[in-house]
Amino acid sequence: MSEPRWLTPGEAEIWAAYRRLCRDLQRAQDQQLQQDSGISAADYALLAPLSETEGGVLRARELGAEVDWERSRLSHQISRMEKRGLVVREACEDDARGSMVRLTQKGRETIEAAAPGHVEIVRQLFFDPLDTDEMKTLGGFLGRIVSAVEGVEGRA
């Protein structure tokens, strides 16, 4: 087995900064959603794609793929949201084993109320610190990293 390619001190510093960024950005978004809208990041993660579909409905399997959650986690989150009247589960017409998740009127009102504050915190913390050229550069970097990650996942 070959020797591991250890991170250089500079690489280790960048990696640590990236990990802090992910943690702190997620925490800031979670706090903003809870304070301003009374919903969790998990609620938002499901409400957003539902609100963007025709009729506010998606097959549960498609919704799970959209947020990259396992079936159990998705099912538990949908159950919590059903109890609060944000979504309903419906039978899938073409597959008796499948189910559809539909955004309720309350769910639509909730996501529409939460979206402006959410986008503002994303803009404030992620985009505003960068100028136009830096955003283009960052977009290029992220695109290359995503491609590398997807390449590894495709081989797994």
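Cys 92 is buried, with a relative accessible area of 8%, whereas Cys 22 comes out partly exposed at 35%; here buried means under 20% relative accessible area, exposed over 50%, and partly exposed anything in between (1.4 Å probe, protein chains only). As for disulfides, taken as pairs of cysteine sulfur atoms within 2.5 Å, the count is zero. The model is a predicted one, so local features need pLDDT of at least 70 and side-chain atom pairs count only at pLDDT 80 or more, while totals for chains, interfaces and linings use all residues. Residues are numbered from 1 along each chain as its sequence is written, and side-chain values use heavy atoms, with hydrogens and water left out.

Helix α3 covers residues 60-67, and its buried residues are Ala 60, Leu 63, Gly 64 and Val 67; helices (H or I, at least four residues) and strands (E, at least two) are DSSP runs, numbered from the N terminus. These four sit on the same side of α3 because they cover an arc of only 100 degrees around the axis, the arc being that of the directions from the helix axis to the C-beta atoms. Just after α3, Asp 68 takes a positive phi of about 60 degrees.

In helix α5 (residues 105-127) lies His 118, which is buried at a relative accessible area of 13%. Leaving aside residues up to four places away in sequence, His 118 touches Gln 29, Gln 32, Leu 33 and Tyr 44.

Aromatic pairs number two, one of them being Phe 126 with Phe 127, edge-to-face at 5.0 Å centre to centre and 80 degrees between the planes. Rings of Phe, Tyr and Trp (its six-membered ring) pair if their centres lie within 6.5 Å; planes under 30 degrees apart count as stacked, over 60 as edge-to-face and the rest as tilted. Phe 126 is partly exposed at 25%, and Phe 127 is partly exposed at 34%.

How values were computed. Contact = heavy atoms within 4.5 Å.
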